[in-house]
Amino acid sequence: MSRVYNFSAGPAVLPEAVLLEAQEEMMDYRGHGMSVMEMSHRSKMFDDIIQETEADLRDLMQIPDNYKVLFMQGGASLQFAMIPMNLMKNGVADYVITGQWAKKAWQEAQKYGKANAVASSADKMFSYIPDCSDLPISEDADYVYICENNTIYGTKYKKLPNTKGKLLVSDVSSCFLSEPINVSDYGIVYGGVQKNIGPAGMVISIVREDLITDDVMPFTPTMMKFKTHADAGSMYNTPNCYCIYMCGKVFKWIKSIGGLSAMKERNEAKAKILYDFLDQSDMFSGTVVKEDRSLMNVPFVTGNKELDAKFVKEAEAAGFVNLKGHRTVGGMRASIYNAMPIEGVEALVKFMKEFEEVNK
């Protein structure tokens, strides 16, 4: 069977070159006679893998020396609790609610202190990013929290909020490595890897060193302290070895095509093809205000639920899978992450044009 075009929001498409390389090394990693899945995380072999993986990520993102890179388990959702446990010194934090994941993080933080929703786009089904140029930031806020790209709703911050000097914490799960960022703009920038970087099962958190202390909430479990992971080089317990290995291969793949600036150009070209079609189509339309559109997640609808369902079914039969929209939005969503080739987007648009013609 030939490979389909996989538009899943996560776990998501991986670069074919990476999958083929991993396939070659599955039984015997570089002459060691075993798979990476089998080797001890304390071995020299794996130590080389994790060190190289971190070095490549630091190089790609130009991560300053005063930031730690932590490979942790529990996904982004565990960070919803870990961040307030480690950062809420005054017991106050401000959250901008732009979708389900920011909302869940905000709700979780309420268990540990006063979590204020300082802006929200819930009034219009999260179809836009609120103006964050003059937020009512709390004087004693320990940090300001955002979800930078909203997987479900297809919005993306084009400009970071004015935090008025407060620490910025950002969940970048669905736009991780899609374009260059300035890491020093953030106190913590983190994301689950299963959308744009690797297989499911890990979160990468990039944390400024001064935020990594023993001064955490007294009930914080050992495994929920950033310091535990930072002091042990992400090896306090058995890490997700195979996921780290696969992420490392993806980092090398991104470097091989020119790094994050080249990746941004690729992603803009892909998104333009799809958005240009949606903007002129009589049947399909996007659901996000133009200035806040994501390059990664593109929700769209026909306005007719039966027609939406028919489209998803026929698309799948034609080899375009996982296009059904999230249950909270309906319609369709094409996630066009880094590893989705431009040919996949071109083929999808061609199929959409044909579907529109037949179903006028």
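At 2% relative accessibility, Ser234 counts as buried. In this predicted model, Ser234 is located in the loop that links H5 and H6. Although Ser234 is not a glycine, its phi is positive, at about 65 degrees.

Leu177 is another non-glycine residue with a positive phi, about 65 degrees. Its place is in the loop between strand S8 (168–171) and S9. Leu177 has a relative accessible area of 3%, and because the limit for buried is under 20%, Leu177 is classed as buried.

The peptide bond between Gly10 and Pro11 is cis, with omega about -5 degrees. Pro11 belongs to the loop between strand S1 (5–6) and helix H1 (16–25).

## Lys195: a buried charge

Lys195 sits in the loop between strand S9 (188–192) and strand S10 (203–208). Lys195 is buried but has no salt bridge. The nearest side chain of opposite charge belongs to Asp171, 8.3 Å away. With the cut-off for a salt bridge set at within 4 Å, the Asp171 side chain at 8.3 Å does not qualify as a partner.

A polar atom of the Lys195 side chain lies 3.2 Å from the backbone oxygen of Ala9. Apart from neighbours within four places in sequence, Lys195 contacts Ala9, Gly10, Ala12, Thr151, Ser173, Ser174 and Tyr337. One of these contacts, Gly10, is also a member of the cis peptide bond with Pro11.

## Glu209

Glu209 is found in the loop between S10 and helix H5 (226–231). Its relative accessible area is 36%, which makes Glu209 partly exposed. When neighbours within four places in sequence are left aside, the contacts of Glu209 are Asp65, Asn66, Tyr67 and Lys68. Glu209 and Lys164 are 45 residues apart along the chain, and their C-alpha atoms are separated by 21 Å.

## Packing of H6 and H7

Two packed helices are described by the angle between their axes and the distance between the axes. For helix H6 (residues 241–256) and helix H7 (residues 259–280), the angle is about 80 degrees and the axes are 7 Å apart. H6 is therefore roughly perpendicular to H7. On the H6 side the contact is made by Trp253, Ile254 and Lys255, and on the H7 side by Gly259, Leu260, Met263 and Arg266.

## Salt bridges

Side chains of opposite charge can pair when their charged atoms come close. The count for this model comes to 24 salt bridges. Among them is the pair Lys225 and Asp214, with an N to O distance of 3.1 Å. Lys225 and Asp214 both lie in the loop between S10 and H5, so the pair ties together parts that are eleven residues apart in sequence. Lys225 is buried, with a relative accessible area of 19%.

Lys310 and Glu314 form a salt bridge in which the closest N and O atoms are 3.9 Å apart. Both residues lie in helix H8 (residues 305–317), separated by four residues, about one turn of the helix. Lys310 is partly exposed at 36% relative accessible area, and Glu314 is partly exposed at 33%. The side chains of Lys360 and Glu357 also meet in a salt bridge, at 3.3 Å from N to O, and both residues are exposed.

Salt bridges with shared partners connect Glu52, Asp56, Asp59, Lys252 and Lys255 in one network. Lys255 is also one of the H6 residues that make the contact with H7.

How values were computed: Residues are numbered from 1 along each chain as its sequence is written. This is a predicted model: local features need pLDDT of at least 70, side-chain atom pairs count only at pLDDT 80 or more; totals for chains, interfaces and linings use all residues. Side-chain values use heavy atoms; hydrogens and water are left out. Helices (H or I, at least four residues) and strands (E, at least two) are DSSP runs, numbered from the N terminus. Buried means under 20% relative accessible area, exposed over 50%, partly exposed in between (1.4 Å probe, protein chains only). Lys and Arg count as positive and Asp and Glu as negative; His and the chain ends are not counted. A polar contact is a pair of N or O atoms within 3.5 Å; within protein, one must be able to donate a hydrogen and the other to accept it, and residues adjacent in sequence count only if both atoms are side-chain atoms. Contact means heavy atoms within 4.5 Å. Axes are lines fitted to C-alpha atoms, for helices over the stretch in contact, and angles run from 0 to 180 degrees between N-to-C directions. Angles under 35 degrees count as roughly parallel, over 145 as roughly antiparallel, 65 to 115 as roughly perpendicular and the rest as oblique.
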